[in-house]
Amino acid sequence: MKRRDFIKVGAIGAGAVALGGCQKDGSAKNVHIKRRKTIKIKLATSWPANFPIMGTGVEGFAKRVNEISEGSIKIKVYAKNTLVPALGVFDAVSSGSLDAYHSASYYYKGKNEAFNLFTGYPFGLTAQEMNAWMDFGNGMKLWRELYDKYNLVPFKGGNTGVQMGGWFKKEIKSLADLKGLKMRIPGLGGEVFAKLGVKPTLLPAGEIYVALERNLLDATEWLGPSLDVKMGFQKVAKNYYTGWHEPGSMLSLVFNKQKFAKFSKEQQLMIEMASNEMNSNMLSEFQYKNAVELETVKKAGVKILEFPSEVMSEAKKAMIEVAKEKSAKSKDFAKVWKDVQGFLAKNREWTDIGLEKYLKVRDS
Ligand code: CA
């Protein structure tokens with residue numbers, strides 16, 4: 001074959017491939033991409049606009065879904081109070097007036113006590129164990145079953161990792177020092193501390209610093225150095241206690257069931273994959289930024305302390321009491337509690353032999 005003829009045949013060959021995608025009228029159409037209608041999602045969060053890590057994390061999720069779905073899913077993220085109040089997101093998505101939300105399950109414990117356990121609980125699972133319970137234990141199955149009753153489909157939405165025990169104006173040297181103490185501490189941690197004599201109060205984020213400064217509050221928990229130093233707590237409380245009550249709080253990304261059913265199977269998988277990515281990214285970001293901001297805490301002359309062992313052993317007993325009371329009142333709580341405690345019992349031994357022993361030798 002002459003070189004000229006070869007080029008000619010080659011050109012026809014390439015043309016034939018291109019023609020495969022042409023319509024009878026000659027118009028070009030890429031047959032490999034099924035053209036879908038763009039699905040628009042309104043996603044409301046419980047966080048202020050541009051809230052570090054949690055808020056920026058869910059913005060990243062929305063961007064990622066838009067990219068991997070080639071624009072077929074467009075998620076618009078709304079900060080708290082833009083469409084609904086911070087804690088109005090659950091009802092709005094359950095009723096279908098909004099499509100999705102990013103929040104934390106324990107905020108809605110008033111609807112069902114079992115919701116506490118899908119965020120975390122005092123002396124409970126670490127972030128790594130929580131992920132294991134979700135992915136390889138019954139965690140996700142139980143969560144999906146329960147949320148289905150509320151017309152919702154939940155996904156893992158990030159994890160804070162271990163949270164600090166909080167900022168105290170005075171040092172806690174014994175159980176007696178907790179009596180009558182006014183502390184901002186939500187959730188099961190607050191219920192446990194209440195049994196030890198603490199008066200738990202719930203204040204909106206914007207009011208905590210001033211209340212602490214004016215001695216209207218003796219102590220507050222928030223999260224860890226990453227977000228706590230932004231609140232300025234290091235300036236008004238000089239005793240920072242290590243964690244016990246939120247050992248690995250998981251956030252939640254939740255879709256309205258009917259809206260979620262409108263996605264194709266592929267799109268649903270994209271949401272799941274991107275939520276897993278957000279879950280892991282957020283934990284990494286908390287790990288990194290807590291470490292960075294720990295320097296700020298130390299520079300402010302804050303003492304980093306552990307609660308006396310009598311306080312922690314009483315708190316542990318109180319947690320068992322709280323769980324018993326809730327199990328008696330709520331069948332859902334009893335069911336999930338039994339499962340998660342069983343998972344913890346099995347996993348604790350491995351965590352103690354694996355991670356804990358390693359940390360001991362690393363630090364010795
Ligand atoms: Ca907290």
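Which residues of the largest nonpolar core touch the most other members?

**Entry 1: ground rules.** I am working with a predicted model, in which local features need pLDDT of at least 70 and side-chain atom pairs count only at pLDDT 80 or more, while totals for chains, interfaces and linings use all residues. Residues are numbered from 1 along each chain as its sequence is written, and side-chain values use heavy atoms, with hydrogens and water left out.

**Entry 2: the cores.** I looked up nonpolar cores, meaning sets of buried Ala, Val, Leu, Ile, Met, Phe, Trp, Tyr and Cys residues joined through side-chain atoms within 4.5 Å. Buried stands for under 20% relative accessible area, exposed for over 50%, and partly exposed for what lies in between (1.4 Å probe, protein chains only). The largest core has 57 residues, and the members touching the most others are Trp133, Phe168, Leu178, Phe193, Phe307 and Val311. Among the elements that each supply at least two residues of this core are helix 4 (127-135), helix 6 (187-195), strand 10 (250-256) and helix 12 (309-329). Helices (H or I, at least four residues) and strands (E, at least two) are DSSP runs, numbered from the N terminus. Helix 12 gives the largest share, seven residues. I also found a second, separate core of 45 residues, which includes Ile41, Ile75, Tyr106 and Ile208.

**Entry 3: phenylalanine 168.** I listed its contacts (heavy atoms within 4.5 Å), leaving aside neighbours within four places in sequence. The partners of phenylalanine 168 include Leu181, Met183, Phe193, Tyr241 and Phe307.

**Entry 4: helix 11.** Just after helix 11, glycine 301 has a positive phi of about 75 degrees.

**Entry 5: positive phi outside glycine.** Asparagine 81, not a glycine, has a positive phi of about 70 degrees. I place asparagine 81 in the loop between strand 2 (73-78) and helix 3, and its relative accessible area of 54% makes it exposed. Phenylalanine 123 has a phi near 65 degrees and lies in the loop between strand 3 (100-103) and helix 4. At 22% relative accessibility, phenylalanine 123 is partly exposed.

Entry 6: Glutamate 221 is buried at 1% relative accessible area, and tryptophan 222 counts as buried at 16%.
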